[in-house]
Each structure stands twice: as structure tokens, then as C-alpha cells.
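Student: Can we go through this model together, one question at a time? I'd like to see how each answer is reached.

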Amino acid sequence: MYRCLAISLFGRGVSRSRFIPTALCAGSGGCSRWEEEKTNDGVKWKQLEHKGPYFVPLYEPLPDDVQFYYDGKPLKLSLATEEIATFYAKMLDHEYTTKEIFQNNFFNDWRKEMTPQEQEIIKQLDKCDFREIHKYFVDKNEARKALSKEEKQKLKEEADKIQEEYGYCILDGHREKIGNFKIEPPGLFRGRGNHPKMGMLKRRIMPEDVIINCSKDSKIPEPPVGHKWKEVRFDNTVTWLASWTENIQNTLKYIMLNPSSKLKGEKDWQKFEVARRLKDVVHKIRAQYQADWKSKEMKVRQRAVALYFIDKLALRAGNEKEEGETADTVGCCSLRVEHIKLHPELDGQEYVVEFDFLGKDSIRYYNKVSVEKPVFKNLQHFMKNKDPGDDLFDHLSTTALNKHLQKLMDGLTAKVFRTYNASITLQEQLKALTNPDDSVAGKLLSYNRANRAVAILCNHQRSTPKTFEKSMQNLQTKIDAKKEQLEKAQQELEEAEDEFKDKKNAKAEANVQKKKKLLERLKEQLAKLSVQATDKEENKQIALGTSKLNYLDPRISIAWCKKFGVPIEKIFNKTQREKFAWAIDMTDEDFEF
DNA sequence: GACAGCACTTAGAATACTCTGC
DNA sequence: GCAGAGTATTCTAAGTGCTGTC
């Protein structure tokens, strides 16, 4: 059997893929839909046809009996002003609306949309009363939840129809699912963390704002009646189907394919192949940056220390950001002096660096790490005569770092280290933790622990679920009850055994066997519950999904499943199986990352 | 080489759906 | 059949890194 492997995975500038024998590929099995020839000249497709994006319905005015109040008096708002008021009203329960920046940004933008008369009256946000509007939407939500089965079914059918019509495209003859086929509805901008623009008005996107991308010979999507597109272009060097510019940060937004699509799948595969190539050279790269810690050039030393952090701690590259436009977050290259503390000795360890900064999505990164002496000395040097707000690596940029990496390995960038370290950690942890004699539940606990090690490395956090305490309590109640049952069963078994000793008849013997079986079953159930409780506790603030979806080569997980007889459905849900179809197709139990 | 613009991946929160136990 | 918990899916913000222009 022959399997495909695009040459583009292994280097640039080569334009054609080839087919190579299975023996040369990692894993085995057929490529099926991954088998078509690929070009690497920037052309992403030959044919692209779609219906254009779906626009959410226009604003429906509030019923007359739902009022907005200003300074205690009802005030009828113009349609545009009312619509924006509903955005705020809907968020009244949310913490956002308690924040001054959110309130100010909202009020500023809201006033811009008001009629001159409204502007004359509505001058202070704290005199605005949105509660009736808020209640209207809460009730509406409740009513929707309380609909009959048939009515819900009808709504579902309508949604399915929209999905069917707008949710797919034809790309090079394949029907592919689109990821986000709906234009983002207007609302109030919800930036993460301390975002200076939170609360600003995200305006409604009209067809006149949207650029359509498709193939020239395809059926060009029709704009909604009475409208036209901003532009229709035929650019097959990009993968997006439609785009528009959003008004908050003035950046582009795209309609793109679903991760299950061939195009995305191939890109994903390619990403992991690059990370696998790093495995072959990582020792050399590590030796090099360790040598560079002693370089005479400040630039080289900073680069070497930063790379050490990226490699050891899986930090993100840390591109520069425009000040005042976004929340103040950093990555490795943009760390400031204030983000680290140096401890020559701490808790019995030498040369400890204490990191405390906000990373992507304003998630806090806090870690105390014992580092090599030269790293520590270098950091002391980099921090000398600097203010807390100064850049730690003032002679380094992500561009310079990536240029250097590119010289060390074709296709290598800072983010590849995260993928590599995540995947290799999963593989190693699975090897260390899996016990072939465990039950499937036990093996899954091991898998989750391995997954968790990666999530911790990558600092993937989540807020503790609101229901956590309660559900943990429920689980504990179940465990206690099970323990009680177990004790009782144990006692009954002893009694049955005594009875059998006395009577020595078949009936008594059967009773012993029955009690034994019951005891075994209860023990198993208790073990399962305990495993569940451990897993739950260990997982409460850690998000496993992000690493599973983006950093872990799925072939490692699939090979593990095959090797230990765990059904793939136990670790990948339907969406994940669709996204990783390429890997499911090709992976053997002996796959090595 | 600096910079901006662009295209794409990665991210947690919000919401929708499904399952479980009563 | 219902409520509540758990899980899947959707949403869109926030990153990375490349390319083109000056």
C-alpha cells in the first residue's frame, strides 16, 4: 500500500507532493481523503463555492409595555438607541457592567448613536434604569426553555436548515463544513482581562462590509435582497470564504473552514510533523543555547535565556503589542523586569526565578523555577539598572528569535517548542503512567493525568465550575453510601460462610458465591467512584481541552488507545474525532512521536 | 530593518444539548 | 417527565508569524 506524504511537510520551496510507501510513513493504514496531490506554491484550492455568510436577523423592537427609565421616568427610545440599550440590559447580571471602563466605553458609544433629543436628556449612566428590559429578556429565555417538545423540534429544524444552506462549501469537489458561517451579531465588546476597550459598541456588519472569496467559475453568492457585497474576489492563495473589518480594533475577521476539513487537517498534520522534526535536533539546539549563555554579545545571551524559557517552561513567544489598545499581557520576549523575582535560594533550592505575569487572555502565569546558575547570573545582569517597567530582554524581538530558529531548523519558530514539548510530555507520561492490567477506567485516569501534565505545562486554566463544590459533595455522598453497602456485604458474606460451615449444603454454598459476587461488584463500583473523585479534584482549575485540541499530536493518543484496548470514543468526542480524522486514518499502535 | 497588514492558530467563556437519577 | 449535572459545541477574542512596503 502507498500512502501520501506531502513534501511540503519537510521543507519549503518544493512544489509537488509525492506518494511514498507505507514503510516510510509513521504509523500505517490508508490515507483515504488525504491522498490527493498537493501543491506548495501558495495555492490553497482550485475550486471554492459557497453561499456567503449568514446574517443574523435585524433588531426587533421591544414591546410597548417594556420600558426604559431615565431618572425614574419612562423614556421611549429611538430604535437604534433602544437596540444598544438592550445590549447593556442583557448583560446586567454580568460582572462586566460593574466595571468603570466598561460603563464609560458603553455610555460614550451609546451617546454617539442617540438622537440629539436623547443626548439632551440621557447624560448619566447611573440614572439609566435597564431593569425592565433585562427582565424582559430573562423571561423570554425562560419561555424558550419551557417550549413544548414539538416547538423545540421546529426551532431545531429551522436552525438545521440554515446550517444546511450556509454551513457547507464545495472545495475542490469535496463538500466541506464551514467553521463560523454566521456574521458576528452586534453587541458590546467583551475583551478579556483589563481591556481598555471593553464595553465599546460592536457595530452591526452589513453585506456592504463583507468581502467574498470564491472561485471565478463558481456560482457567486447572492447578497441579501437590496444589498451588495463590499467586494468579490477570487484569491486561491488564502483559505477564507468571507471577511470583514471589525470596528473595535480595526482588524480583519474571517469566515473559514471547520477543523474537520481536509485543508485544516493537512495543516494540522504538517504542524505536528514540524514538531516531530524538532525532536531530532532539540538536543543540539539545547547545547547551543547553553553555550550562548556565555556569549560576549548581549543580544545572543538574551536570546539564549529566552529560548531556554520557551523550551523549559513552554512560554509563548510574546510579540510586541500596541500599548493602550489591548489588555497588558506578555509572553517570553515581552517580559518586563517587574514580572520576575530572583531568589538566590528559596525553599531549599538554588537560583530560583519567580514568574508572575498575565499571559494570553490575561491568564496569570505564576511559577517558581530553579534554573541553571548561568541563567540566573544572566538575568541579574539583564535586570541591572532597569526600572520595573523596562523590558527584561531589551535586545530581543520575536522576529529576531524566529530568524535564529529558522537557521537551526527549517520551519522552526518559537511556537513549535510548545507543540513539541506538549506532545513529547504526553507520550512520556503515558508510558510512565499506564498500567496494562488496569481497567479501562483506570487507564483513562492515567490518560487524563498525562493530559493534565501537559495542560499544567502550557498553563491552560479554567475557572472552577460553578457547580463544582456541590457535585463534589454529591460524589462524596455516593462514595460514603457505597462504603456502607460494602461493609454490609462483607458482613453478609461472613455470615453466609459461617452458615455454609454449619450446614455444608448446596443452597448455603450458592449463597456464599452470590455474596462474594455482590462484594466484588461493590468493590469495583467503589473503586470507580474514587477514581472519579480524584480525577475531578485534580481537574477543577485545569482545562484539558485546549492542549488536546491544539498541542497534542493525536496519533500519540490513538496509538495508546490501540495498544491498550481503549476505545477512541473514550478520549475523543465526535468533534475531536472529525478534526483528527487524518490521524485516525493513519495511526498504528506502534506510532512514536 | 522597521512597520503595518494580513492570515491563520490558539484560547476560555458562554451557551446548547444530552445524560442520569429520581 | 423533570431537574440538575455533565459534556459538547459555538463564539469570538487574542495570540503567532509571515509578507510586502518603505
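Student: Where does UniProt place the feature "active site"?
Tutor: This is a predicted model, where local features need pLDDT of at least 70, side-chain atom pairs count only at pLDDT 80 or more, and totals for chains, interfaces and linings use all residues. Residues are numbered from 1 along each chain as its sequence is written, while chains are lettered from A and ligands numbered from 1 in the order in which they are written. UniProt positions are given in the numbering used here, with feature names shortened, and annotations may be inferred rather than shown by experiment. In an unreviewed entry, UniProt puts this "active site" at Tyr551.

Student: Is Tyr551 buried or exposed?
Tutor: Count the other C-beta atoms (placed from the backbone) within 10 Å of a residue's own: 20 or more is buried, 12 or fewer is exposed, and in between is partly exposed. Tyr551 sits in the loop between H14 and helix H15 (554-564); helices (H or I, at least four residues) and strands (E, at least two) are DSSP runs, numbered from the N terminus. Tyr551 has 25 C-beta neighbours inside 10 Å, so it counts as buried.

Student: Which residues is Tyr551 in contact with, leaving aside its neighbours within four places in sequence?
Tutor: Two residues are in contact if their C-beta atoms, placed from the backbone, lie within 7 Å. With that rule, the partners of Tyr551 are Arg418, Thr419, Ala422, Ser423, Val454 and Cys458.

Student: How do the axes of H6 and H10 lie to each other?
Tutor: Axes are lines fitted to C-alpha atoms, for helices over the stretch in contact, and angles run from 0 to 180 degrees between N-to-C directions. The axes of H6 and H10 come within 9 Å and cross at roughly 80°. Angles under 35 degrees count as roughly parallel, over 145 as roughly antiparallel, 65 to 115 as roughly perpendicular and the rest as oblique. So H6 is roughly perpendicular to H10.

Student: How many nonpolar residues are in the contact of H6 with H10?
Tutor: Residues including Phe272 and Leu278 in H6 meet residues including Tyr420 and Ile424 in H10. Ala, Val, Leu, Ile, Met, Phe, Trp, Tyr, Cys and Pro count as nonpolar, Asp, Glu, Lys and Arg as charged, and the others, Gly among them, as polar. Next to two polar and two charged residues, the nonpolar ones number eight.

Student: Which element gives the largest share of the surface near DNA strand B?
Tutor: A residue is near a strand if its C-beta atom, placed from the backbone, lies within 6 Å of it. There are 25 residues around DNA strand B, with Val238, Thr239, Lys267, Thr546 and Asn550 coming nearest. Strand E14 (252-255), helix H6 (262-292) and helix H14 (545-550) each give two or more. The largest share, three residues, comes from H6.
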